Every structure is written in C-alpha cells, then in structure tokens.
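Here is a short tour of the structure below, written for someone who likes to know how each word is meant. Keep the model open beside the text as you read.

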Amino acid sequence: MLYIKCPYCGLRAQKEFSYGGDATVKRPNINEEVSSEDWDNFVYMRKSPRGKHIELWQHIAGCRQWIKVQRDTATHEIFQTAKVTEEIR
Amino acid sequence: MQKYSVFSLIKNAFSNHQNWEVAWKDPTPKSEYDVVIIGGGGHGLATAYYLAKEHNIRNVAIIEKGWIGGGNVGRNTTIIRSNFMYDANARFNEFGMDLWRNLSQELNFNVMFSPRGIINLAHSDAQMNAYARRGNSMRLNGIDAKLLDRDEVKKLIPMADFSDEVRFPIFGGLMQPSAGTARHDAVAWGYARQADDMGVDIIQHCEVTGFDVVNGKIKGIRTSRGDIKAKKVGLCVAGSTNILAEKLNMKLPIETHVLQACVSEPVKPLLDGVVTFGAGHFYISQSDKGEMVMGGDLDGYNSYAQRGNLPTIQHVLTGGLALFPFLSRLKMLRTWGGIMDMSMDGSPIIDKTHIEGLYLNCGWCYGGFKSTPVSGWTFAHTIAQDQVHELNSELRLNRFSTGHLLDEKGLGTKTWIG
C-alpha cells in the first residue's frame, strides 16, 4: 500500500486516491491556433520516465481535491506532495 | 540440431539425460549484424525466428538485458484469443491463431497450446447486446463466436454463482471455442532454440546504453558489452520502451504500468476454459498443474517496479469471489507483477519510425502473449521489407495524430482505468 500525504488532510492510504497521470503535461492555450503536433503531444505523448515522476492524484474518498505527487516509478517512494497550484521542484 | 521426439527422450534416458545438446548457445557479440533485435522476450525471439525463416536474414542478434523469457513472456496468464470487434485487431490476431495451431510442430517444442475456449460473461441485457454485436463482427472475420444464454453458461461453468441473491447475475456470455492457453515458457524457449539453430545470436545479460544515429539513420547500438554496428534495429522491449525512446529523444503514446497476476494452490480439474467476469475486471483459468491462474486490473499508476500492491489484488479477487465463491477456500500460492507498455488507445504499434532503419514493436497493454507469433511474423516482415504488412497496416504510430485510433475498449487515453 502506498501512503500519500494529502496537503489538505494529511497522510492517507492509497485506496482513498485515484490516479490522474503525468502532471507536467500542459494543455495548449485556449483561443490560440494549436498545431496538430502540439495537440498530439498534449493528448497522447508521454515521457513515462523510470525514476522521479510528478503526477496528479485525486483524493477521491477524502477532500476530493486534486494534488501533485512526486514519486519514484521504480521504487514507489514518495518524495513530495503539493497542491495543484504549487510547483514541485 | 537434435530433434525432440519420444525416441530421443528414450535414447537420452539411458544416459540419465546428461547428454542433451544445449538448446541455444551463449555467443559473444560480433561487431556487426544485419539486424539487431533489442529485447529477448517472446516477441523479440519470434521476430528473430521469422526473420531467419521467412526472410532468410540470419545475421541477426537478440540483445537482452536480463535472460530470455524472464520478462512478460514468463509473467503473463497464458491466454490466447482473437475475440476482437475491430477488423484490424481481429484479422491480425486470427492470423496469429493459425500460427498458434501449428506452433508445437513447427518449433519441434511442445508449447502445449490448448484450445479450450474463452467465455466473456454478460451481466445485463445491454451487455448481451454488445456481445451479440461483437460476436457477429468476429464471425464476419471468420472467427468462431457463440452467444451463450444463462443455461448454456451454467452447463459449462456450474461452479459459478447462479443463485438469486447475487449482485451481478449471469445473463449469458460470448464464447470463442477456439481460444485457449499455452505454456508461456515453452513459447520463448521453442523460438529461441529454432532461431539459434538458424544462426541468430542470443546475447543475454547485455544492456543497451545508447544508439548511434547519423543523419537520421541508425548505424548501431551501444551496449554494456561494447558497441555493435547494425543496418537495422528493432525495439521489442514492452514496458521498457519509454526508457529506450528517451535515449532516442522520441516521445511515444505509451505509459508503463504494473499489472499483477496470481495463482492459487493446485486443485483437481474443475475449470476447463478461460472465464472473464463481465461486471469487474477479473479473469481466470486453470493451469495443467491445477493452479487457478487469475488476473485483472492494473495497479493504476506509472510503475517500472515489476511488483504491485495488495489493494489491487484484493480488488481483483473481490470480483473473483463474486463470480466463483469457492475461491474463498483456496490458498494463494503467489502473486507477481510485470510492466506493461500501455498504449493510449489500447492497441499495439508495429511500425517504422522517423529514424531510417529503426523499427518499433510496442503498446501491447494487457495482451501481448496471445500475439507473440503474429507480432514476430509481422514485425519481421516490416523490418525485412522496410514496409508494414497488410496485417499491421493499421497498427501504425501515426494513427494517433491522424485520428484513426483502434480504441477497442473505448477507454480513451486513460488506459490504466479498469
């Protein structure tokens, strides 16, 4: 079981969360011309690194907030968590 | 090469089985090959075999970081089927079924292919309608499909919960009688033995550390055992695809996730086919040793760990218990995990790349094992002819930008959702 520290609720079991994928993917700006390559990159292309990965989780069975988690994809160690509006460095 | 038969078995019994030939050699890498296949799993071994057999390209090396058959080909739940609705997937996998049917004879290695049938259970009228549609599509592509009602299912799997109190009653199911299982290790070993015999170098414990690309053309690879020149390079590395893609500055529509499976203690024969639960993600079959082989959802987060967590196993087996209450009295023998190359539409990619001489075979999601022969066959064709075969003409990388997705399961880009 992973234990994830929700920035709003504290340390909670993984079962309370649902996964939202890579948090570093940026949506193309609204009301601007978007090339199909940019759109492709946003919708489909992923780096999926082995090692540190910044990702989105939702505390679905808790406060229901989306949060950012920095986690190692090889060891599952969690280094840092933050609100979605905050940066993880 | 020594032929395996009942006579060679008897002959070798007299010398206490001490004098069997090695099944494949352990060569040191040469400095140059016509084709280098990265990844010594089922797909890589099959590709090398069909390159040698179908295209007479024998100056081939398979580069494997660990040992052959130690990755997903030894970690899957051995299910073989072609019950797909989309033409591209159905034709591709039905061609593979034909390869499976002759594989033991062709490889002179008993892969124990056993067409014992697969039943996808339905638990609502809507699901029955969807299965009728899928079954009709399958039949149009020449695949056997049978829509079963509740009583027919009950005859085949009387041990399932048919009581009135169940949350998800069984309405019926879709059966592909020609689907089945095979012994996964034997598939890897059989391909390895024949490929080795035709001159393919199987190089184990050799990690790829980089690529030589000059002016958009592949020139060779760098490995932990020295540089190897190659005219063509094929990637067949499943869950490690993104690690190698990063070395090539390529971004792919792939995420790597961990998928777990488990087996129970062995029991007497009680389930002769493969059964999937229709109200959750759970599938089950019984191995020839008697173990119940079970699997289901991904753990649901990016992972390269080759091991998962308990909550997913518990969740999957909750579905299993709802279908087969007798499972609660079995002991679990072991659980394990493998890392899946989850593509964004749930279908595989077998294609050329923007780098000349570099070919890509990935995106197998939950179901790479069943496609091992046809994946190797079409990938070998793609590499040898430098063009895709009709069978993989829709399994291309550019389908994501052109919108020609093969979203068989309709999961969108979140393929980790069960």
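Helices (H or I, at least four residues) and strands (E, at least two) are DSSP runs, numbered from the N terminus. This is a predicted model, in which local features need pLDDT of at least 70 and side-chain atom pairs count only at pLDDT 80 or more, while totals for chains, interfaces and linings use all residues. Residues are numbered from 1 along each chain as its sequence is written, and chains are lettered from A and ligands numbered from 1 in the order in which they are written.

**Two loop residues with positive phi**

Most residues other than glycine have a negative phi. His17(B) is not a glycine, yet its phi is positive, about 55°. You will find His17(B) in the loop between helix H1 (6–13) and strand E1 (32–38) of chain B. Asn31(A), also not a glycine, has a positive phi of about 65°. Its loop lies between strand E3 (18–22) and helix H1 (36–43) of chain A.

Are these residues buried or exposed? A residue is buried if 20 or more other C-beta atoms lie within 10 Å of its own, exposed if 12 or fewer, and partly exposed in between, with C-beta atoms placed from the backbone. Asn31(A) is exposed because 5 other C-beta atoms lie within 10 Å, and His17(B) is exposed because it has 9. The table sets them beside a buried residue, Ser178(B).

| Residue | Other C-beta atoms within 10 Å | Class |
|---|---|---|
| Asn31(A) | 5 | exposed |
| His17(B) | 9 | exposed |
| Ser178(B) | 20 | buried |

**Around Ser178(B)**

Ser178(B) sits in the loop between strand E6 (172–176) and strand E7 (180–181) of chain B. Two residues are in contact if their C-beta atoms, placed from the backbone, lie within 7 Å. Apart from neighbours within four places in sequence, Ser178(B) is in contact with Met97(B), Pro115(B) and Asp144(B). Arg116(B) is 62 residues away along the chain, but its C-alpha atom is 6.7 Å from that of Ser178(B).

**A helix pair in chain B**

Axes are lines fitted to C-alpha atoms, for helices over the stretch in contact, and angles run from 0 to 180 degrees between N-to-C directions. Helix H3 (residues 87–107) and helix H9 (residues 372–385) of chain B have axes that come within 7 Å and cross at roughly 110°. H3(B) and H9(B) are therefore roughly perpendicular; angles under 35 degrees count as roughly parallel, over 145 as roughly antiparallel, 65 to 115 as roughly perpendicular and the rest as oblique. H3(B) contributes residues including Phe92(B), Leu99(B) and Trp100(B), and H9(B) brings Pro373(B), Val374(B) and Trp377(B).

**Chain A and its sheet**

Chain A has one helix and six strands, in the order β-β-β-α-β-β-β from the N terminus. Its C-alpha atoms fill a box of roughly 40 × 30 × 20 Å along the principal axes. Of its 89 residues, 15% are buried.

Two strands pair if DSSP finds at least two bridges between them. Four strands of chain A form an open sheet in the order E3-E4-E5-E6, with antiparallel pairing. E3 and strand E6 (78–83) are the edge strands, each pairing on one side only. From one strand to the next, the twist averages 30°. E3(A) pairs with strand E4 (residues 52–58) of chain A over four bridges, and Ser18(A) has Gln58(A) in E4(A) as its bridge partner.
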